[in-house]
Amino acid sequence: MRIPCFYTMVSSKNRALSSVLLCFRVLCLIVLQIWSPSRQVLAQSSANFACDVAKNPAVASYAFCDQKLDVKSRVSDLVKRLTLQEKIANLVNNAGGASRLGVPKYEWWSEALHGVSYVGPGTHFSSLVPGATSFPQVICTAASFNSSLFEAIGKAVSNEARAMYNVGLAGLTYWSPNINIYRDPRWGRGHETPGEDPLLTSKYGSSYVKGLQERDDGDKERLKVGACCKHYTAYDVDNWKGIDRYHFNAVVTKQDMDDTYQPPFKSCVIDGNVASVMCSYNQVNGKATCGDPDLLAGVIRGEWKLNGYISSDCDSLDVMFNSQHYTKTPQETAAIAIKAGLDLNCGDFLAKHTENAVKEGLVKEADLDNAVTNNFATLVRLGFFDGDPSKQLYGKLGPKDVCTPANQELAREAARQGAVLLKNSPGSLPLSIKTIKSLAVIGPNANVTKTMIANYEGTPCKYTTPLQGLTALVPTLYAPGCANVACATAQVDAATKIASTADATVLIVGDDQSIETESRDRIDITLPGQQTLLIQQVAKASKGPVILVIMSGGGMDVQFAKDDPKITSIMWVGFPGEAGGAAIADVIFGFFNPSGRLPMTWYPQSYVNKVNMTNMNMRPDPATGYPGRTYRFYTGPTIYTFGDGLSYSEFSHHLVKAPNLVAVPLAEGHACKSSRCKSIDALEESCNNIAFDIELRVKNAGQISGSHTVFLFSSPPAVHNAPQKHLLGFEKVHLTPQAQGVVKFNVDVCKHLSMVDETGNRKVALGMHVLHIGNLKSSLTIRI
């Protein structure tokens, strides 16, 4: 997605200007969305809605204003009343409405990636609502592996969104979450996502969407706010060594598409019932995603039965025409997109070119009817056509319901749960407030604010920096060590001086959006500048334990710190949100027992030196030395891997129940009864409803209460280029000291233990599957 400074994409003839224009866009974002007083002046004092009988009694006679009718009937009535020009005006994010019918303009573009955001023209902050709760960036929340937390954050965000809508500061549609797979550690937007695993990403996406959308009255047809799963699909290159997202063609095998890139979107639509899907800038196998009828009408609406609208990413139609030169005329681009299944254009491309496309016979008005029907149906489900919102379910929400103590505490709790302890030498963490009389706090991220909330952010309720969080508990000595995360010159002397006298040292390093963000992929995955030198010198000089805290979106090659005995603990905190500093202090001093696990693999620098970021293949290629991607396929060395994370407690596992053999019945005459098969079709009727339970007893053998994530992985037989290991499920259990709990998994053989073969068909491998349950293994043979 692009910020709303201007909608003109750089043409291929002017690529030399791209870096200048990128800086201009960033400047626009700062001016328009943070400092501009017009963002407050333009804000309304009341909600924007249609069918306002008080102002215009005539609208009461329109069927589309009749709440007793079903959504389809209401929308059909409205669309029949619209002129061609009015239909076209409602195909863009700044929708024109139809004032003669009492339908006001509506701005579709608002964001809520990890809190109500000021990115996008649909949302504003003012003296009435000066800020909203800023939860941790998604990668940090995902590290909790807690589906109920994902949903709880979504619910809190939608409460604040509805409250702001009621006072005219926000809309009802939010283009979040980002559920692309974090395939490569260099991707600048990886921190916006739930990580590298399709199951975790699917669980996060569907859970967060439910939190945003589902109403408290249980009405499944209606929406609290409308979410949007993006960016569809195989999108994870922004700007790497001159290759940008506007020109990139992702070459993806059918197998990788169906078992890696598509599952989160499928889950978002089918399990989450999301109101929208956004197509991406890039091409996939030579086709622009926003103009591909197979991907849009065929898969999203056809196979998955989307109940909602399909939006373009901002200016992606302009990109299709002016940058990708996908068609000969802009009218052709407009026609191709609409006929492919696109309903809404973020930008003004369809507003400019659709009417001529109709006149030239490139697209029919009936195609426009389908698109605006999907858009208006979403607004009907949101209550936009039900008159005064103050008389509706969420009509009493207002400024008092934004930045509530409960929401701010939830932000702190999410940051706690997302903190991942990666190393902890005996006698290091947790520190004791009784014994620490002085604490050295060092590093370029030790006293940061905005770094903690990353991008697609809003104005937070307040900040607690790491330094503030630690100072609230014990006396501190502070030295930044670097002027910023680029750390061109480490200020070693001041840092080592305080570390040499303090009882313990906390180093808070990492990066920020100057290193990794939208339109900015990384080249290196080492700590920037002289941060490594700073860490090494401080560790050498420190009197007490040294705790290294890494605040970043992506993984870092910190093998030197992992190997250094003077660095007693390592913790990764992502970008932990407005309360990140308090959460870090809670973990370091033992007020919270860490339970986070890495949602992505951390690689050595050698990985990025030899692997081309644009290679979309997930599976390794021994012939070329290509090592593959993510823990599911990667065959090379790692610093830390997906699922790594420690606790202050020891948790033991005992397998109570797991089968050793499952037989799949086949119909008489089945080919596999007379010939040797390595797999069977997972969609066969005989493969339905074959399931078993796995039961695990977990004990907290430690001295403090804590939560523990139990993973269920499977290593299938080596057929069809199967993953070496893949996640089937995860459950989080909270246990007091010495207490035991039972964790159960229900495994559907043909759903959970199946894989996608080379041609995109889902298969169940016959033979021995190794189930990894906690730290235990159990063999399961599947036969016919």
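Author: Asn689 is exposed, at a relative accessible area of 75%. Exposed means over 50% relative accessible area, buried under 20%, and partly exposed in between, with a 1.4 Å probe and protein chains only. Asn689 sits in the loop between strand E19 (679-681) and strand E20 (691-700). Its phi is near 60°, a positive value in a residue other than glycine.

Reader: What kind of model is this, and how are residues numbered?

Author: This is a predicted model, with residues numbered from 1 along each chain as its sequence is written. Local features need pLDDT of at least 70, side-chain atom pairs count only at pLDDT 80 or more, totals for chains, interfaces and linings use all residues, and side-chain values use heavy atoms, with hydrogens and water left out.

Reader: Is Ser519 buried or exposed?

Author: Ser519 counts as buried, because its relative accessibility is 14%. Its phi is near 70°, again positive in a residue other than glycine. Ser519 lies in the loop between strand E14 and helix H18 (531-541).

Reader: How are helices and strands assigned?

Author: They are DSSP runs, numbered from the N terminus: helices are H or I with at least four residues, strands are E with at least two. The protein chain has 23 helices and 27 strands.

Reader: How should I read the two faces of a strand?

Author: In a regular strand, side chains alternate between the two faces of the sheet. Now take strand E10 (residues 309-312). Tyr309 and Ser311 are on one side, Ile310 and Ser312 on the other, and all are buried.

Reader: Which strand pairs with E10, and in what sense?

Author: Strands of a sheet pair through backbone hydrogen bonds, either parallel or antiparallel. Here two strands pair if DSSP finds at least two bridges between them. Strand E7 (residues 276-279) pairs with E10 in the parallel sense, over 4 bridges. Val277 has Ile310 as its bridge partner in E10.

Reader: What is the strand order in the open sheet that includes E8?

Author: The order is E6-E8-E9, with mixed pairing. Strand E6 (249-250) and strand E9 (287-288) stand at the edges with a single partner strand each, so one side of each has no neighbour in the sheet. E6 and strand E8 (residues 283-284) run parallel, joined by 2 bridges. Ala250 has Val284 as its bridge partner in E8.

Reader: How many residues of helix H9 are buried?

Author: In an α-helix there are 3.6 residues a turn, so residues three or four places apart point the same way. Helix H9 (residues 263-270) has 6 of its 8 residues buried. Among them are Pro263, Phe265 and Val269. Their cover includes helix H7 (198-213), strand E3 (229-232), helix H8 (254-261) and E7.

Reader: What is in contact with Ala502, beyond its neighbours within four places in sequence?

Author: Contact means heavy atoms within 4.5 Å. Ala502 is in contact with Ser438, Leu439, Ala440, Lys543 and Gly544. Ala502 is buried, at a relative accessible area of 0%. Its loop runs between helix H17 (492-499) and strand E14 (504-510).

Reader: Where are cis peptide bonds found?

Author: One runs from Tyr232 to Thr233, with omega near 10°. Thr233 lies in the loop between E3 and strand E4 (239-240). Another joins Leu429 and Pro430, where omega is about 0°. Pro430 lies in the loop between strand E11 (420-424) and strand E12 (439-442).
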